[in-house]
Each structure stands twice: as structure tokens, then as C-alpha cells.
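The sequence and the structure are shown first.

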Amino acid sequence: MSLVFAGICSHAPGITGRAHMAGRPIVDELYGAYRGMAAELAAAKPDALVIVAAEHFANFFMNNMPAFAMGLAESYEGPIEDPEWLGIARTAIPGNAPLSRRLIGEMMQTVDLAYAEEWKFDHGVMVPLSFLTPRYDLPVIPVNINCQGPPLAPLHRAWTLGEALRRAAIALVGTGGISHWPATPDSGKINESWDREFLRRWQSNDRRAMLSYTDEATYRDAGQGGFEIRTFISIAAAAQGLGRLRYYRAIPIFAVGCTVATMAIGT
């Protein structure tokens, strides 16, 4: 197996659930960026898609919160949220249990990884999939990084997870937000300058700069949603190349700076 595709994108539920509340040109531009990424993913002809997301207490809770987890099922279902609210119909998504088992076995050489044979996808997976694999015909293997319930894994551990994924993955997409304050009175607030600086570091694959963030500073400047940079960092570690920013725009009605980007696979 080899890594044939790497990218990142936003997964905010408003992208699909509140599209009617944003201007049509903004929606068309954002959706066009997702479609461009989908075309590039399809051209890579992957056998499966490993999607690294920050799950939102849909499957994992504070009574049992793994730092990192991978799905080990033949199929999954999503969204776990109200389909009408999210704007995505509930459907079955194929998995690949034998491949998951092989990936887990390989990654456990360097990463402590939990696994789950039951997993319902929330918006963190379903929003990107609705654009990237709209027919849901590509096997998906979900990976969760705990970005919700501190204590959180240090950023350098997210980097190590990405390195482990590089050894095993076929196509890889990280989903999340950059600065955002979901489910708080500050929802809709976006620190665009912070976002753009992080994306600059991500595009240049500057490991030292990306790992220099502290949770305290991220919480102050980018909100609790900013902890999701872990998913983007893991992709940079896996790809080891330079990034191409397809799209970035702060869209308050979606409560996040919407991002679509890909990264070259380094040697």
C-alpha cells in the first residue's frame, strides 16, 4: 500500500445545513472547491479513504475517551444527527474491516490506537463525504482524534499518528475547523488572521511551527474548536510534502473559516 492522496477540509454542519442562509456566490465557490478536491481524489483511484476527524461526543464520551481511535467495521451509518437539520440523508457507508485490521496492526508499532467495531458518523465525517464521495461507493475507514475533551494528546503525538498513517494509508483526508467557537455565545466568531497563519505553516509543512502552538494559546486565540488543528497536522505528517490551498474564506453563518486544501506526497 502507498499513500496516493492527502488533503484537508472543513466539516462544519452549517456548510450543508445552513447553505440557504449564505449568499449563493459564496456557496457556489465553496462547493466548487469541494468538487475540485473530489475530482482529484477520484483521479488518484484509491482503494479506500481514511478520514481523520474530530468526533463530537457522538460515539466517545468522557467515561471512555481514547486519544486516537480507528474504525474496524464492514459498514457504517450516518449522519447520527437529524438528517433534516444537517441537510444530508441518512445512509450506509461501506468500510473495509480486513484493511482496518491491517492498518491498526501496522500503526500500533508506534501509536497507541483504540478501535471500534461500531461507529455512527457525525457531521465531522458526513459533511466532507457528501462532497468527496457523494455516491458513498468508496470504502471509508474513520480515524478519530480527541479534540473535544481535555486532557488532549500533545500536538507531537498527532504528528506521530500522521507518520503511522503514511506507512499504511491509501487516500487520506483530515477534517475539522481552524479557529471557531462552536456551541458557545461566540459561535460565528472567526479569527481569520490566526487561520491564515496556521494555513501558511501547514502549506509549507513547517513541523516546528505547527507544533509550537499550546492548547492555552489556541483556546485563547482560536476557541475550543481550534484544537481540531490536530487533524490537519496529522495529514501534514503523513504527506510530508507542500500544501495547496484550494479555498479559504471566513463564513460566519457556517461558524468557521471554510478550508479546502490538498498536499503533495513527499518522498
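## Arginine 249 and glutamate 29

Arginine 249 is partly exposed, at a relative accessible area of 35%; here buried means under 20% relative accessible area, exposed means over 50%, and partly exposed lies in between, computed with a 1.4 Å probe on protein chains only. Its side chain meets that of glutamate 29 in a salt bridge, with an N to O distance of 3.5 Å. A salt bridge is defined as a side-chain nitrogen of Lys or Arg within 4 Å of a carboxyl oxygen of Asp or Glu. The pair links distant parts of the chain, 220 residues apart: arginine 249 belongs to strand β9 (residues 243-251) and glutamate 29 to helix α2 (residues 24-43). Helices (H or I, at least four residues) and strands (E, at least two) are DSSP runs numbered from the N terminus. Glutamate 29 is likewise partly exposed, with a relative accessible area of 44%.

## Basis of the values

The model is predicted: local features require pLDDT of at least 70, side-chain atom pairs count only at pLDDT 80 or more, and totals for chains, interfaces and linings use all residues. Residues are numbered from 1 along each chain as its sequence is written, and side-chain values use heavy atoms, with hydrogens and water left out.

## Arginine 167 and glutamate 106

A salt bridge also joins the side chains of arginine 167 and glutamate 106, at 2.7 Å from N to O. Arginine 167 lies in helix α6 (residues 155-168) and glutamate 106 in helix α4 (residues 97-107), so the pair ties together parts that are 61 residues apart in sequence. Arginine 167 has a relative accessible area of 37% and is partly exposed; glutamate 106, at 31%, is also partly exposed.

Glutamate 192 and arginine 196 form a salt bridge whose closest N and O atoms are 3.0 Å apart. Both residues lie in helix α7 (residues 192-203), four residues apart, which is about one turn of the helix. Relative accessibility is 33% for glutamate 192, which counts as partly exposed, and 41% for arginine 196, which is partly exposed as well.

Glu197, Arg200 and Arg201 are linked in a network of salt bridges. Under the stated rule, the count comes to 11 salt bridges.

## Alanine 39

Alanine 39 is located in helix α2 and is partly exposed, with a relative accessible area of 49%.
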